[in-house]
Amino acid sequence: MTHEAFAAKLTHLLPKAQANPVAYRRRVQGWVLLGYGFIALLLLGSLGLMTGLLWAVVATGVAGIVLKLLIPVVYFVWTLLRSLWVKFDPPAGRQLSRAEAGPLHDLLREQTRALRAPAVHRVILTTDYNAAAMQLPRLGLLGWPRNYVLVGLPLLQTLTPEQAAAVVAHELGHLRGGHGRFGALVYRVNQSWAQLVDNLEHSGRRSIVRGFTEWYVPRFNAWSHPLRRTAEFEADAAAARITSPVAMAEALCAIVVREPALDRLYWKPIDKSLAYEAIPPADPISRLLAVARTARLSCDEEATLLRRAAEADPDPFDTHPTLGERLAALGQAVAAPAPPATTAAEAWLGTSLPALAQESDIKWRTERTAHWREQHAVLRDQLANLAKLNEQLDSGLLLAETDAWTHADLTEDHVGEAESLPFYRALFDSRKYSVPARFAVGRILVSQDDPTGLPLLEEAMSSKPDCVGPGLAIQQAYYQRQVDREKVRQLATRKHHYADFADLVQAERQGCSPQDIFLPHGLTADELAPVLSVLADPANRVGRAWLMRKKLIHLASEKPYFILVLRANKGTGLNTDAEVIAWLTQLTPRIILPGAGLVLPIINQFMWVGRKALGLAESEIYHNQPS
């Protein structure tokens with residue numbers, strides 16, 4: 001099913017789900033039964049074949065041939081059974097005890113009674129700006145769910161207790177409606193089929209279920225998707241009933257404006273400090289508490305964010321309705337609520353709040369220290385390089401093309417977008433960097449709501465296929481900010497067409513098979529040099545190497561796909577296929593092909609590709625041993 005067809009299917013199904021959610025859910029349950037029924041049919045058929053083969057052994061006494069037939073059937077049955085077992089990992093976070101969060105536990109008890117929702121077994125505190133409810137089966141297909149409610153400390157610190165109570169009630173509304181349990185069922189079906197297809201692909205047996213898989217999976221996804229949207233309306237209504245429509249609406253509006261405020265006023269300065277501080281801050285969550293309770297953008301910016309969110313067209317691919325749809329269902333208007341006098345975090349966690357924040361500080365820092373140090377070293381090198389390039393410019397020297405591009409890119413990253421524009425524009429006539437420079441200028445201008453960047457994006461997109469996806473996304477975001485719904489729809493259609501084309505491009509580059517046609521690599525000596533330098537290193541023990549290009553239909557010249565076939569030096573001690581694969585696994589990361597591709601060894605599994613390489617003139621690029 002194409003992306004456009006999938007979108008059309010969603011547009012057709014959404015009204016059905018909203019008009020009669022109960023009947024629609026029964027239809028989706030039918031799709032669930034169909035999927036499991038097909039797997040059960042395969043399982044019963046395989047077990048019947050196994051029984052017949054075992055009977056043949058007993059009746060004829062001829063065991064050798066029959067047992068050879070039995071082995072793949074047993075493996076297929078094992079693959080089917082493995083696909084049905086889907087593991088659910090418990091949510092990450094800090095479990096809150098009643099002693100630490102008594103008011104929150106009391107609220108959850110009252111709300112579960114009012115909603116007739118199942119009991120909450122675990123309350124989890126996270127550092128995300130979010131809240132969620134999860135219902136995870138402890139016994140897989142047998143069920144016995146454990147119910148979790150997750151609350152993000154940054155979220156609680158930006159909402160009043162009344163607003164946060166509405167958010168929690170919304171999450172409990174999902175549990176009350178069985179949305180968590182049904183969502184887990186939908187997830188389990190998706191994962192079962194993903195695991196089944198993956199296992200069969202690895203064993204070369206996917207053709208057994210390919211037809212049904214390609215028909216069933218996209219249709220099941222399309223039918224199950226609208227339920228998640230209707231679940232949001234049901235959960236909003238449940239929350240409004242036991243708190244108030246005003247509290248629910250205020251919470252929705254507050255989230256739209258407070259999260260961007262926190263990002264700009266708190267998290268972005270921390271991100272910028274990465275280039276100058278060798279280790280992450282010691283107390284990011286504790287310091288966030290003070291900022292979060294008062295963090296606000298200007299009134300004009302808040303009004304713009306709320307207007308755009310409320311007036312946005314519904315996205316059929318998004319499981320959440322728009323702010324406008326949700327407020328309309330609640331009968332409430334758009335309004336930016338005032339900052340809380342007392343936050344939900346302060347009211348619910350009380351004297352435990354500082355200690356919990358300190359625990360979160362330690363966890364946040366521990367999880368990020370290694371990556372922070374790596375990125376800090378990279379950014380320090382970039383700053384040193386930028387300073388060196390600036391010195392060259394200040395002294396009146398002209399930069400080479402590659403250095404000029406690096407200078408523009410680093411200026412954008414470390415100084416600012418506006419400051420980088422003249423450096424990008426100076427590369428418009430560059431043979432190598434003209435297209436990426438035009439795309440960069442167009443991207444920056446459009447992100448600043450300057451429409452003069454739109455033609456530059458289109459020009460780059462028409463010249464370089466890799467620019468199409470990002471360019472469409474940038475343009476669509478621009479027209480969403482301008483609330484130009486017709487343009488947004490047009491771009492959505494273009495994105496669907498491009499996504500379908502991108503799927504075809506990717507599918508051709510998912511490896512190779514004996515049915516593929518291979519062509520000479522067509523590379524110059526300069527393009528081959530980096531590969532040959534790795535192959536010639538004695539430590540890598542490469543004896544012979546062949547390079548071919550797979551014949552493609554889509555973007556064959558723009559995005560070639562190479563197959564590099566390697567044979568180890570004789571006398572290297574690589575005597576088994578497993579040893580050869582281990583050798584190649586270590587070697588492959590050092591080989592940088594001039595495009596996408598695959599590195600294969602000459603072993604039993606890939607003898608066919610070795611024969612193709614030997615039969616293709618000029619495919620051998622390296623030879624370090626006698627024939």
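User: How many residue pairs are in polar contact between domain 1 and domain 2?
Analyst: In this predicted model, the count between domain 1 and domain 2 is 7 residue pairs in polar contact, with both residues at pLDDT 80 or more. On the side of domain 1 that touches domain 2, there are 4 nonpolar and 3 charged residues, and no polar ones.

User: And which residues form a salt bridge there?
Analyst: The rule finds 1 salt bridge across the interface of the two domains. D466 forms a salt bridge with K559, and their closest N and O atoms are 3.0 Å apart.

User: Where are these domains in the chain, anyway?
Analyst: Domain 1 covers residues 398-509, while domain 2 covers 518-623. Taken over C-alpha atoms, their centres are separated by 34 Å, and 7 residues of domain 1 are in contact with 9 residues of domain 2.

User: What area is buried between them?
Analyst: About 820 Å² is buried between domain 1 and domain 2, and carbon and sulfur atoms give 59% of that area. Within domain 1, the residues that lose the most area to domain 2 are P465, E508 and R509, which together make up 69% of what that side buries.

User: Changing topic, how many disulfides does the whole structure have?
Analyst: A search of the whole structure finds 0 disulfides. Take C299, for which the nearest cysteine sulfur is that of C253, 14 Å away, and C299 is in no disulfide.

User: Is C299 buried or exposed?
Analyst: C299 counts as exposed because its relative accessibility is 60%, and the cut-off for exposed is over 50%.

Definitions and conventions
Residues are numbered from 1 along each chain as its sequence is written. This is a predicted model: local features need pLDDT of at least 70, side-chain atom pairs count only at pLDDT 80 or more; totals for chains, interfaces and linings use all residues. Side-chain values use heavy atoms; hydrogens and water are left out. Domain bounds come from an automatic or database domain assignment. Contact means heavy atoms within 4.5 Å. Buried area is the accessible area (1.4 Å probe) that two parts lose on being put together, summed over both. A salt bridge is a side-chain nitrogen of Lys or Arg within 4 Å of a carboxyl oxygen of Asp or Glu. A polar contact is a pair of N or O atoms within 3.5 Å; within protein, one must be able to donate a hydrogen and the other to accept it, and residues adjacent in sequence count only if both atoms are side-chain atoms. Ala, Val, Leu, Ile, Met, Phe, Trp, Tyr, Cys and Pro count as nonpolar, Asp, Glu, Lys and Arg as charged, and the others, Gly among them, as polar. A disulfide is a pair of cysteine sulfur atoms within 2.5 Å. Buried means under 20% relative accessible area, exposed over 50%, partly exposed in between (1.4 Å probe, protein chains only).
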